[in-house]
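Here are some exercises to work through with the model open beside you. Try each task on your own before reading its solution.

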Amino acid sequence: MSLSDRWHKLLERHAHASVSSLGRLWRTPFATMLTLLVIGVALALPACLYVLLGNVQSFGQGWDKGAQISLFLKVSVSQATAQDLASQLKQRDDVANVTYISPQDGLKKFQAQTGIGDIVEDLHSNPLPAVLEVQPTLSVQTPKSIEALLTDLKRLPQVDIAELDMQWLKRLYTIIEVIRRGVWALAALLGLAVLLVIGNTIRLSTQNRRQEIEIIKLIGATNSFIRRPFLYSGMYYGLFGAIIAWILVSITISWLNVPVVQLAKLYSSQFSLHGLGFLGGVKLACVGIVLGFFGSWFSVNRHLRANEL
Amino acid sequence: MIDFDNVSMRYDPNHTALSNLTFHMAKGEMAFLTGHSGAGKSTLLKLAALLERPTNGKIVVNGCNYKRVSRRKIPYIRRNIGLIFQNPHLLPELTVFDNVALPLVIHGFSHQEIQKRVRAALDKVSLGNKERCYPKGLSGGEQQRVGIARAVVNRPALLLADEPTGNLDPDLSAEIMNLFQEFNEVGVTVLVASHDLPLIASMRHRIITLKQGRLFDAGAQLQWQANHVQEEGVLV
Ligand SMILES: Nc1ncnc2c1ncn2[C@@H]1O[C@H](COP(=O)(O)OP(=O)(O)OP(=O)(O)O)[C@@H](O)[C@H]1O
Ligand SMILES: [Mg+2]
């Protein structure tokens with residue numbers, strides 16, 4: 001038998017197994033639908049959280065574009081040196097722009113913002129230092145690289161204090177990290193649940209078809225021949241469960257999106273929730289199929305081993 | 001074709017189903033297996049079909065020493081043996097055609113080859129017109145014939161039948177036995193376990209008799225009868 005013949009044969013067997021197991025699911029629509037819904041809900045929950053988390057992250061990224069480092073220069077630094085330093089810093093790759101604010105400008109700004117000009121006017125000398133406002137380039141706008149830039153700038157001899165304006169950004173990222181891990185833990189647990197649901201469903205169907213398995217074993221079926229339709233059933237459960245989950249996630253996200261868009265408009269933002277997307281859907285389907293495969297693999301093998309001589 | 005050498009089978013430690021059984025069947029031979037209920041007929045056939053492994057002894061079937069057959073290889077051994085039971089073990093969800101085609105599907109034959117061979121097997125058991133039926137719609141004898149068609153569709157070298165006529169009336173039984181004989185005439189080795197002594201006596205083939213898991217030959221039988229009569233005589 002040639003190799004292509006063998007391939008052809010194998011392909012034919014897989015086609016046969018996949019079609020027949022699909023037909024079998026179709027013949028018990030109620031039971032199948034119930035199982036699929038359970039799988040769908042179990043997959044939808046972590047998928048929903050995952051999507052929302054992604055939205056929070058991109059929301060946070062929108063904010064950190066405003067991240068800015070203020071360099072308070074030492075009083076001894078002259079205006080010329082400060083401007084020199086400013087143009088020097090502008091050369092750096094991770095710096096987008098540097099604005100020099102002289103003590104006089106700073107004072108004016110302070111007066112304008114606080115409205116306590118009278119008190120300031122009473123002062124004989126200007127207490128404010130010169131300030132350089134450094135804007136990092138967009139590509140370094142992650143908490144880590146901003147942090148690195150900050151420590152670099154702190155080391156400059158002319159700088160007295162370097163301050164990152166948005167400490168809260170770091171906190172946001174930490175919180176997101178905590179939530180992210182929570183989502184993964186939940187996803188792992190619910191993934192296990194899907195594995196068990198599919199494993200149990202396949203176990204029941206091997207039990208129901210015990211006699212049939214026995215008979216085709218008698219006429220020379222190999223374990224892989226017996227296993228194949230069950231593996232396909234498991235993968236179908238996973239795939240269709242994932243599709244249901246995808247639908248549930250889409251509905252949930254578009255339902256949440258209505259108030260989110262309204263809220264964003266109040267802050268004159270174009271922000272809107274994004275869903276799973278095509279790639280996310282494909283990933284979800286893969287997760288479902290893999291869980292279905294292994295769930296049924298374990299069940300069928302257990303059955304075959306228990307009935308072997 | 002079948003060689004049992006000192007074969008013993010114990011399902012549980014203190015009960016022997018077969019003990020020290022030695023017998024031989026030539027290629028192309030047909031034989032009947034008989035004996036009281038619990039004598040070990042089914043056990044012998046199961047051992048020959050590698051449905052069970054013996055506790056002791058050596059079994060060689062079709063040149064293959066079963067001791068050397070690993071678990072993974074068992075299916076390939078089975079494909080060369082046609083098995084028939086009292087209950088035909090058909091799959092109720094499949095049509096007659098698909099039931100008979102099953103061994104070929106498992107073997108991976110092409111679609112055309114399957115069509116050809118299934119039709120031939122069904123014609124052989126005179127069920128060519130029932131291929132679209134489901135097993136439920138067939139009589140007991142017809143179901144049994146479907147089971148036989150399935151057993152021979154792969155053209156195995158050996159047919160093993162365990163009380164294939166157990167549920168059938170005398171006419172049908174004779175018909176089924178004749179079918180086996182026809183297969184034997186084209187070179188298939190056939191071993192049939194049966195209770196139906198009048199029927200098998202009429203067929204002029206070797207009869208292997210088991211008694212409590214041992215081979216029971218005619219000479220010994222006479223001896224045993226003699227002893228028995230004597231004992232009874234003493235008792236009376
Ligand atoms: N799976 C089993 N587990 C335990 N004991 C068994 C098993 N199968 C058969 N036996 C025992 O082995 C002995 C032989 O049984 P076997 O089925 O071979 O008899 P038989 O000749 O086919 O009888 P019958 O004519 O009633 O079918 C019996 O005592 C039976 O109780
Ligand atoms: Mg029996």
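**Exercise 1. Which residues of helix 8 (residues 210-218) of chain A are buried, and what is the phi of the residue Gly220(A) that follows?**

Step 1. Begin with the terms: helices (H or I, at least four residues) and strands (E, at least two) are DSSP runs, numbered from the N terminus. Buried means under 20% relative accessible area, exposed over 50%, and partly exposed in between, with a 1.4 Å probe and protein chains only.

Step 2. Go through helix 8 of chain A and pick out the buried positions: Glu212(A), Ile213(A), Ile215(A), Ile216(A), Lys217(A) and Leu218(A).

Step 3. Now move past the helix: Gly220(A) follows helix 8 of chain A and has a positive phi, near 95 degrees.

A note on the ground rules: this is a predicted model, in which local features need pLDDT of at least 70 and side-chain atom pairs count only at pLDDT 80 or more, while totals for chains, interfaces and linings use all residues. Residues are numbered from 1 along each chain as its sequence is written, chains are lettered from A and ligands numbered from 1 in the order in which they are written, and side-chain values use heavy atoms, with hydrogens and water left out.

**Exercise 2. Describe the make-up of chain A, from its secondary structure to its domains.**

Step 1. Count the elements: chain A has 10 helices and four strands. Their order along the sequence is α-α-β-α-β-α-α-β-α-β-α-α-α-α.

Step 2. Turn to burial and surface. Chain A has 309 residues, and 39% of them count as buried. Its accessible surface is about 18,200 Å², with 65% belonging to carbon and sulfur atoms; such areas come from the Shrake-Rupley method with a 1.4 Å probe, and for residues only the protein chains shown count as cover.

Step 3. Look at the contacts (heavy atoms within 4.5 Å). Among those in chain A with a separation of 6 or more, 82% join residues 24 or more positions apart.

Step 4. Finish with the domains, whose bounds come from an automatic or database domain assignment. Domain 1 of chain A covers 16-62 + 170-306, and domain 2 covers 69-165. Taken over C-alpha atoms, the centres of these two domains of chain A are 52 Å apart.

**Exercise 3. Which residues surround ligand 1, and which polar atoms lie by its oxygen atoms?**

Step 1. List the shell, where a residue is near if one of its heavy atoms lies within 4 Å. It holds 13 residues, the closest being Ser37(B), Gly38(B), Lys41(B), Ser42(B) and Thr43(B).

Step 2. Sort the shell by class: three residues are nonpolar, eight polar and two charged. Here Ala, Val, Leu, Ile, Met, Phe, Trp, Tyr, Cys and Pro count as nonpolar, Asp, Glu, Lys and Arg as charged, and the others, Gly among them, as polar.

Step 3. Check the oxygen atoms of ligand 1. A polar side-chain atom of His15(B) is 2.8 Å from one oxygen, a polar backbone atom of Gly40(B) is 2.9 Å from an oxygen, and a polar side-chain atom of Thr43(B) is 2.5 Å from an oxygen. The protein covers 65% of the 630 Å² of accessible area that ligand 1 has on its own.

Step 4. Trace the shell to its elements: strand 2 (15-25) and helix 1 (41-48) of chain B each give two or more residues. Helix 1 of chain B has the largest share, three residues.

**Exercise 4. Is Leu50(B) buried or exposed?**

Step 1. Locate Leu50(B) in the loop between helix 1 and strand 4 (56-61) of chain B.

Step 2. Leu50(B) is buried, because its relative accessibility is 1%. Its phi is positive, near 60 degrees, in a residue other than glycine.

Notes. A polar contact is a pair of N or O atoms within 3.5 Å; within protein, one must be able to donate a hydrogen and the other to accept it, and residues adjacent in sequence count only if both atoms are side-chain atoms.
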